[in-house]
Amino acid sequence: MRIVACLNGDRRPGAHPALPVSADQVVADAHAAVAAGATEIHLHPRDPGGAESLEPQVVAPLMERLRAEGPRVPVSLTTSLSAESDPWRRYDLVQRWAASALPDSVTLNLHEAGSVDLAHLLEDRRIGVEAGVWTVESARILVATGLEVAAVLVEPTQVAVEDARRNADAILSLLDRAEVDRPRLMHGADATAWPVLESAVSAGYDIRMGLEDTMRLPDGEEAHDNAALVAHAVSLASASA
């Protein structure tokens, strides 16, 4: 089972005392998360002011630090439009990422404008694509385009747990009918993060956990940091093995 530590997401700097923003913080946090049981790291690069950024001059130094000083695990980056709202500029930025400092994979939300074109660019650059599927319509895009992806991220965004589970079930049903055989990772956010993780574990899917998805443990207590969240996710996964 892949256990991905999602370190920061699009949360504002200061949203949690342990949210990693700077390269120093990211490297240290990545080590702690892997020590807690994470097998991979996912993050949103930040510029010197703490804002999300896909700029080559932000991505390259971060990846170089992680390769030189970080844990020896795969690293994925976001390509979300929250990091660059113009899909064509996003394409240009990714195209200019330094070949010597590429991530192992990126997450790509299929409902976002320009996603299919960007997927083809990423394939050309030999960067793995993890297809973010938020809805049944997104799953249909994946099936219709025949994109070669490394994994499918089933990401229900509904606030209510039952609504999130219902959406996830509909997405998974479509993927099954279309015989999409890529590895699956499923996760929720905030109130749905732990219930959806439990569903993913029960189904034998890969999981992710970290401050991007929630800042609280299942009992509602604020988590100390990413490592605490990962450790609890690992415990739940181990108990179900």
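Predicted model: local features only at pLDDT ≥ 70, side-chain atom pairs only at ≥ 80, totals over all residues.
Ground rules before we look. Since I'll be quoting numbers: residues count from 1 along each chain as written, and side-chain values use heavy atoms, with hydrogens and water left out. Local features need pLDDT of at least 70, side-chain atom pairs count only at pLDDT 80 or more, and totals for chains, interfaces and linings use all residues.

The largest pocket comes out at about 530 Å³. Pockets here are open sets of points on a 1 Å grid over the protein atoms alone, where a 1.4 Å probe fits, with protein on both sides within 12 Å along at least five of seven lines; lining residues have an atom within 4 Å of a point. The volume is the space filled by probe spheres set on the points.

Who sits nearest the centre of that one? Trp134, His187, Ala189, Arg208 and Glu212, out of 28 lining residues. By class, the lining has seven nonpolar, 13 polar and eight charged residues, with Gly counted as polar.

The second largest pocket holds about 170 Å³. Its lining is 15 residues, and Ala23, Arg46, Asp47, Pro48 and Val58 lie nearest the centre. Nine of the lining residues are nonpolar, four polar and two charged.

Last, the helix pair. Helix 7 (193-203) and helix 8 (226-240) pack at about 35°, axes 10 Å apart; helices are DSSP H or I runs of at least four residues, and axes are lines fitted to C-alpha atoms over the stretch in contact, with angles from 0 to 180 degrees between N-to-C directions.

Note on methods
Helix = DSSP H or I, 4+ residues; strand = E, 2+ residues; numbered from the N terminus.
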